[in-house]
Amino acid sequence: MFKYIFRRTIYMVPILFGVTLLTFTLFHVVGGDPAVLAAGKHATPEQIELIRQSLGLNRPLYVQYFQFLHQIFTLDFGRSWSSRQNIWTMFTQGVGPSLSLTLPAFLIAEVLTISLALLLARWRDSLFDRVTKITCLAMLSLSSLVYILWGQYVLAYKWDIFPISGWDPSWAGRWEFLGLPIVIFVLLSLGSNILFFRTVFLDEIYHDYVRTARAKGLNESGILFKHVLRNAMIPIITRVVQEMPFLILGSLLLESFFGIPGIGGLVVLAIQNADFPVIKAMTFLSAVLYMIFQLISDVLYAVVDPKIQLR
Amino acid sequence: MNSNPNLIEIENLAVEFKTDEGLVHAAKNISFSIPKGKTVGLVGESGSGKSITSLAIMRLIASPPGKITNGKILFDQKNLLTLPEAEMRKVRGNRISMIFQEPMTSLNPVFTVGDQISETLILHQKLSKKAAWEKSIDLLNQVGIPKPAERIKSYPHEMSGGQRQRVMIAMAIACEPELLIADEPTTALDVTIQKQILELLANLKEKYKMSMLFITHDLGVIGDIADEVVVMYKGNIVEKGPATNIFSKPQHPYTKGLLACRPSLDRNPNRLPVVSDFMSEDGKEKPYDMSQLKQKKTNRVSSDEQNPVVLEIKNLKKYFPLKKGFLGGTQSYVKAVDDVTLKVRRGRTLGLVGESGCGKTTLGRTILRLVEPSEGSILYNGTNITSLDRESMRGMRRKMQIIFQDPYASLNPRMTIGAAIAEPMYIHNIGKNKKERSDIAASLMKKVGLEASMLNRYPHEFSGGQRQRVCIARALAVRPEFIICDESVSALDVSIQAQILNLLFDLQDEFNLTYVFISHDLAVVKFISDDIAVMYNGKVVEYNDAISIYENPQHDYTKKLLSAIPKGIS
Amino acid sequence: MNFATFSLKLSVQFFIRKGKAMLITTLSLLLTLSMGCTRKNKDAENTLNIVATSNIKTLDPIEASDVYSSGAVAQVYEGLLHYHFLKRPLQLEPLLAAQMPKVSKDGLTHTFTLRQGIKFQDDSAFPEGKGRELTASDFIYSWKRLADPNNKSEGFWVFDNKILGLNEWREQVSKGKATYETPIEGLQAPDRYTLIIKLKKPFYQLHYVLTMSYTSVVAKEVVERYGKEFLNHPVGTGPFKFESWTRNNQLVLTRNKDWSLHTYPTEGEASDKAQNYLEDAGKKIPFVDKVVIQEIIEDQPRWLNFMKGNLDYTSIPKDNFDSAVQNGKTTKELNDKGIHLQINREPDVTYTAFNMNDPILGKNENLRKAMSLAYDTDTSIKKFYNGRAITAQSPIPPEVDAYDPNYKNPYKEYNLSKAKEFMVKAGYPEGKGLAPIEFSSPNSTTNRQTAEFFKQNMEKIGVKINIVTSSWPQFTTKITEKKAQLWGIAWLADYPDAENFLQLLYGPNGSPGPNGANYKNKEFDELYEQASHLLPGVERDKIYQKMRDIFTKELPWIPGVHRLSYSTYHNWLKNFKFHSVINDNLKYFRIDTKERGEMKAKL
Amino acid sequence: MKEISLSSPLPWQEKSSEQKGRSLWQDALHRLAKDKVAMVSFVVIVFYLILAALSKLGIIFSNFDLVNNEIAYQSPSWEHWLGTDLFGRDVLARAAHGTVTSLTVGFAGTGLSMVIGTVLGALAGYFGGKMDEAIVWFYTTIDTVPYILLVIAFSMVIGSGLNTICLVIGLTFWVNHCRVMRAEFMKHRDREYVQSAVSLGASHLRRIFIHILPNVSHLVLINFSLGVVTAIMSEVMLSYLGLGVEPGVPSWGMMISDAKLELSRQVWWGLAGATGFMFFLVLSLILFNDALRDALDPKLKNK
């Protein structure tokens with residue numbers, strides 16, 4: 001298995017190369033003059049030139065590309081244009097808050113939706129199934145703003161169940177503030193997740209082995225829990241893993257509405273400020289994370305599906 | 001003790017399916033019983049309703065679309081059809097168990113076989129996990145899995161087809177059921193494996209004093225195993241009775257036709273009788289005299305003038321890389337075709353026979369360069385086609401055609417039959433215009449026994465046999481000299497198989513065609529071939545004229561193959 | 001089996017498959033969530049809770065270019081001068097300087113005397129962690145930092161071309177030929193407490209500049225100790241010390257116990273006494289032990305937090321205005337909660353700028369006037385400012401010297417028939433022959449809607465507008481690169497002087513400088529230079545008014561509005577007097593913690 | 001032994017009707033026509049298309065751009081069923097016109113992504129080898145970058161506006177479809193009907209376009225209808241990030257994005273209008289997609 005992981009890591013190199021090329025092209029070649037952006041409102045041509053020099057923008061593109069590669073290898077992504085903060089520090093400080101929102105919310109959402117989807121598969125085509133399906137679709141088409149504004153106004157302000165917004169850097173204190181965003185995160189993911197998992201289970205339910213299980217005398221729930229769920233793990237893992245990098249990116253809206261100092265807020269700010277080094281770094285780092293999670297999912301595939309061997 | 005000699009009695013069972021085309025009566029008015037300790041063979045072709053009947057006993061018919069509309073299934077004085085679901089679950093897998101056709105898909109791929117066998121034991125016999133495991137090992141031993149204590153930890157995909165079916169059997173007999181339903185349990189297996197499984201089932205039946213319902217389309221198999229036979233046709237039972245009676249004195253014309261159309265090793269007719277020879281469209285009997293069949297000219301002499309060698313294969317090899325090395329280098333190979341040398345004469349048929357995985361299909365495709373050979377040469381009329389460029393090869397394709405096993409898969413489902421037959425003519429500039437090509441297509445349709453008016457229809461609107469006729473018509477469209485028939489009749493019901501074989505025979509005579517006929521079915525190969533090559537593990541182990549091979553097999557493997565053929569009818 | 005047992009069984013099975021670890025995490029999480037309702041009672045602490053509506057970017061004075069960064073910096077760092085907290089119009093006062101500077105007759109030499117005994121806040125960068133005394137050379141160091149090209153400070157414009165030798169020093173540093181040791185003629189510290197600034201040319205606004213965060217004083221030891229991370233380690237002389245900063249969340253400052261620079265003012269505006277602003281006269285400040293600045297960008301959480309009493313004051317979000325204020329007074333709901341309203345005029349102006357280099361707009365003043373006449377300012381004030389603005393007649397806003405409330409710009413009225421006449425004069429009757437004009441706008445909702453409104457207005461006289469939106473930086477870049485044709489923007493005073501607004505039209509300030517319209521008028525430029533030699537007074541005001549008239553004649557902008565700020569604050573917040581130019585105001589605010597505790601329970 | 005579907009004619013009784021053949025498409029249509037849910041959603045979709053066409057032509061809701069500042073933010077009334085917006089424009093009319101924008105984004109954006117995905121997927125899957133490796137590398141790279149960032153980056157670089165949104169969606173949403181197409185082409189390449197075509201001498205182009213493409217085109221249709229939903233939702237997201245359509249152009253995304261401020265002043269009808277219009281379109285598209293999948297996908301059909 002270690003050999004496999006090693007080989008997969010080697011395979012990542014060309015993809016990473018592609019990602020650096022893509023981000024570089026987007027932000028350096030077509031992305032506009034950062035020196036003008038950085039100079040501010042009382043700028044003079046002399047100042048702009050100085051900035052251009054200090055950012056190395058006068059050098060040939062390939063040199064700039066190698067600089068970018070160098071940054072990546074040393075994990076030194078430089079400093080934000082708008083705040084002069086160290087980007088790597090911004091990232092490492094943001095990961096914790098983002099994860100403490102998204103990870104528990106994600107786990108709750110997955111458990112809840114997988115359970116619900118199994119229920120739907122069990123009572124497929126019943127009234128319960130149809131009503132849930134339509135509800136999911138309705139939830140899907142409602143803007144996330146509605147959930148946030150409503151949750152904040154009603155649950156927090158009117159009913160006083162949660163604080164309106166805020167954050168406590170300590171581990172014990174932060175949960176108080178995370179309650180509402182977690183609830184909203186779960187609500188937001190219900191719709192699409194349930195629909196997806198329901199399809200996955202329905203795809204499995206018609207397989208021959210299910211008939212065999214019935215012929216053995218197993219009851220429907222036994223079949224679903226034991227046989228179907230285990231076989232459906234592959235698409236489930238695929239989806240779960242695909243969503244993982246977004247957990248680190250956090251939930252852009254939730255973070256800015258609830259004042260959670262995570263990476264989502266960083267990204268939104270970086271977009272508003274056209275803070276290219278930050279966007280570039282976030283793009284690259286999330287790509288790396290995505291690949292790591294891909295690798296994890298491949299290893300997990302082998303765990304749940306004995307047919308898959310890691311060679 | 002219940003004095004009823006019958007374990008289960010089925011009365012007036014009727015099953016309906018809702019489909020897009022409307023209601024289909026899959027089983028109508030089915031009544032038969034299974035005596036204690038006996039094997040009942042339920043035989044019929046596809047669509048006869050035999051599987052539906054067996055699933056109805058287990059109440060496993062998916063609903064919707066299926067529905068049991070009428071009847072009783074009396075088991076232990078209880079009507080299974082009205083049993084509460086919870087009660088029924090106690091019957092399934094415990095008192096009645098079932099094995100299926102496809103052991104690979106019927107086993108859950110993500111659990112070890114041990115888990116799956118012991119699951120039944122834990123469920124019904126309330127054994128502890130450990131006890132169930134022990135018993136599972138014992139069961140695996142009983143069904144003839146070597147080293148059961150080790151193999152029990154295997155996953156289904158780590159076993160061979162035959163072993164998987166043994167596992168299914170172990171699972172089914174785990175609770176020592178009173179009735180074992182076997183739904184086409186050997187159809188997906190090679191003939192030698194089939195023999196072993198049949199023997200195993202017979203032994204187990206004796207040992208556990210079970211009754212067995214054995215469902216198959218293969219009369220040969222039924223003859224070997226069944227005490228009583230029920231013949232089904234279009235959802236109805238047409239005939240039932242003791243096996244010996246059915247085989248020796250069939251009453252219903254359908255049964256007669258079915259028995260007659262099977263190619264046999266002993267006879268050498270120049271054509272096969274078909275069901276419609278015995279039975280008219282409305283089900284009435286037609287008089288037919290078996291003796292009117294002429295014997296095939298034995299040992300058709302092949303002379304170099306009349307029958308020059310068209311195709312010569314020399315030391316042909318095809319290796320598939322099996323495992324990629326660490327940095328992409330290939331480390332080991334599957335030798336699919338390993339040093340094969342063969343000759344085919346014009347107007348003659350070479351039969352390629354062997355079990356699955358022996359390389360016969362790869363060989364067929366390599367000859368047409370659908371698969372590029374690794375080594376060796378293929379001479380067609382003296383031209384080495386392995387070295388032809390793409391253009392010349394395309395010209396060559398006009399002369400060489402192939403007919404695949406699955407006629408549905410080999411027809412483009414989005415193309416009308418007319419377009420499919422016209423396409424090769426268009427590619428090879430046969431016929432001046434669309435009109436002319438469609439005229440040729442119409443005449444080809446007649447040639448293969450279809451109506452020209454069907455040209456506008458799509459493949460899914462035809463039956464399996466008709467589709468295979470279309471494939472033949474399409475192959476003929478380029479006026480080929482040489483056709484490879486790759487398991488071309490294997491997917492067809494036996495009555496249709498006879499028709500297609502007859503058609504191939506007729507066409508060979510008419511167009512002086514050369515065939516390479518690939519099949520796993522020795523009877524079929526013997527019927528159609530002049531020469532036969534037996535393949536085993538990529539190699540040709542025996543190569544001789546057809547009669548000699550059957551009458552005087554030399555190689556051990558050939559002997560084994562021949563002895564494994566069910567002797568039911570003889 | 002019913003749903004409940006089924007789902008229970010299912011979840012349990014799922015947990016078993018997923019591992020017990022997850023079960024435990026989730027359970028403990030649910031537990032914590034359910035206990036989340038128990039809030040800690042922090043209200044008793046003497047803490048001032050305020051809000052930043054956009055992110056605080058940095059705590060380095062020379063980087064603090066935005067309102068909230070400079071607002072935060074001003075609590076920790078101090079400059080030579082500051083504004084009187086209560087007096088209006090704004091009045092300069094010495095802060096770190098012992099008194100107002102001596103200015104030479106020619107206006108070129110300004111001599112400051114520092115207060116003695118001022119200490120930097122304690123920090124490990126100093127020997128033994130004890131803050132050392134402030135000296136005049138600290139200012140020279142701080143301002144060199146501002147000028148140092150390696151620091152790329154946006155704030156250098158405050159000294160640019162003003163102090164003798166500073167630009168040359170900057171030039172030399174960029175070439176590596178000068179260091180911080182290199183003396184500058186215009187910045188001298190003859191002794192520990194004397195600082196002499198020599199100017200190239202008279203620049204009265206220097207004193208205003210010295211109140212700005214850019215010019216506040218930092219200690220060399222601290223800068224060198226923290227290097228690039230200095231922006232996260234502010235150590236100044238101010239009334240508050242830095243405690244912690246969770247970026248994108250909150251900044252916490254605590255009272256600097258050693259600070260005793262001055263006390264609460266004893267006099268103010270005439271009305272201040274009546275409004276209880278002088279209750280604390282002469283008392284020791286700061287009053288609060290702690291300041292928590294929460295960064296809340298979205299309007300709803302900010303407003304709801306204020307309504308819940310989690311914030312002591314805030315401005316009213318535009319869209320909550322109707323529910324908060326009616327007829328210029330707080331609504332009953334707010335009254336019941338003890339919330340007060342304070343309205344302030346802002347020294348700012350919004351305007352729609354024409355690119356004067358544009359071949360159509362730049363060369364056709366009649367077209368510009370027609371467009372100005374077609375713009376319905378009154379409706380825009382209702383729509384976008386809830387009436388919280390006054391029509392701008394010129395670039396000069398209220399709260400600065402030369403502002404004349406009676407001045408009426410003849411083109412600043414909504415008069416469609418007159419506008420159409422001007423369209424005829426412009427050569428485009430009914431807009432015929434005029435190509436669509438591109439209007440650039442930032443992409444925030446309000447900006448977009450304003451642009452839409454402008455477009456609708458222009459359609460009435462046949463001028464077609466294409467709106468192009470982009471992010472704020474891209475928008476400003478477009479202006480800087482002279483690629484924009486027409487755009488809407490606003491200017492908030494850096495200091496209360498008309499000069500700060502008129503420089504936006506001074507020719508040499510053209511792109512990439514603040515004169516984005518690239519307006520050039522010889523007479524205007526000469527008057528600007530002339531005025532810079534003058535101290536505030538009638539004579540200078542006259543020159544400014546002349547410039548205003550030139551502006552009106554040529555109309556390089558359509559002046560928009562001068563905004564009013566509507567702040568709401570809770571009754572427990574005392575001494576709340578707001579002015580957007582005054583940054584160091586937090587030290588004057590007092591919280592009645594007892595009242596807050598009682599009130600909050602009711603909110 | 002292949003199980004032959006029960007509905008097909010029984011083997012020895014070969015149907016010989018004179019009827020004209022019915023293609024799989026026609027079959028699918030037939031099945032769709034029987035599916036009540038599919039039909040209802042289809043009618044709704046057609047309704048939206050007609051609504052969009054009529055609005056675009058100015059036949060109905062021509063008052064969508066009629067500014068009347070006197071009646072800004074009026075709550076729903078008989079005159080204005082869904083009230084008015086900031087500029088006193090009729091919200092219902094604007095929501096109806098938003099259909100044009102959404103459908104344009106949905107159809108044009110998804111159309112573009114389908115073309116890119118199908119072509120690249122076909123090339124990769126059919127030819128394999130180096131071509132496959134290059135294309136897989138390309139789309140894995142694109143896929144590795146979180147798509148939100150990708151969309152934002154593209155929009156920042158290309159600018160904003162309706163055309164840009166279509167382009168951005170087209171350029172970023174093709175990856176999944178491409179992956180599906182590649183897998184399908186790979187599978188079909190080795191199918192017997194394609195092998196038959198090879199043995200009949202058909203060229204590569206013929207195999208790709210005449211043989212394989214029609215057999216995977218149902219997946220294009222299915223992915224397309226699903227893509228339209230994603231595209232419509234993305235327009236909303238892009239609008240929220242300030243990367244939406246030109247100001248003044250009616251769009252649901254803009255209406256929803258404006259709601260952030262409007263809700264604070266209890267103006268809910270803008271959001272309700274846009275969400276309502278979007279809900280029924282998205283709902284019908286998803287339900288129709290479901291039905292389409294059932295009707296078209298032979299794998300599921302057998303179930």
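Among contacts in chain A between residues at least 6 apart in sequence, 72% join residues at least 24 apart; contact means heavy atoms within 4.5 Å.

Some ground rules. This is a predicted model, where local features need pLDDT of at least 70, side-chain atom pairs count only at pLDDT 80 or more, and totals for chains, interfaces and linings use all residues. Residues are numbered from 1 along each chain as its sequence is written, chains are lettered from A and ligands numbered from 1 in the order in which they are written, and side-chain values use heavy atoms, leaving out hydrogens and water.

Back to chain A. It has 14 helices and 0 strands. Helices (H or I, at least four residues) and strands (E, at least two) are DSSP runs, numbered from the N terminus. The C-alpha trace of chain A spans about 85 × 60 × 35 Å along its principal axes. Of its 311 residues, 63% are buried. Buried means under 20% relative accessible area, exposed over 50%, partly exposed in between (1.4 Å probe, protein chains only).

Now chain B. Which strands form the open sheet? There are 6, in the order β6-β7-β8-β3-β9-β10, and the pairing is mixed. Two strands pair if DSSP finds at least two bridges between them. The edges are β6 (96-99) and β10 (236-242) of chain B, each pairing on one side only. Neighbouring strands are turned by 15° against each other on average, direction ignored. Axes are lines fitted to C-alpha atoms, for helices over the stretch in contact, and angles run from 0 to 180 degrees between N-to-C directions.

Look inside the sheet. Strand β3 (residues 39-43) and strand β9 (residues 228-233) of chain B run parallel, joined by 4 bridges. B:Gly41 has B:Val229 in β9(B) as its bridge partner.

Helix α7 (residues 161-173) of chain B touches β6 and β7 (179-183), and its direction makes about 175° with that of β6(B). Helix α8 (residues 191-208) of chain B touches β3, β6, β7 and β8 (211-216), at about 160° to the direction of β8(B).

Last stop: B:Leu444, in helix α16 (residues 434-447) of chain B. Is B:Leu444 buried or exposed? Buried, because its relative accessible area is 8%. Leaving aside neighbours within four places in sequence, B:Leu444 is in contact with B:Ile421, B:Ala473, B:Leu476 and B:Ala477.
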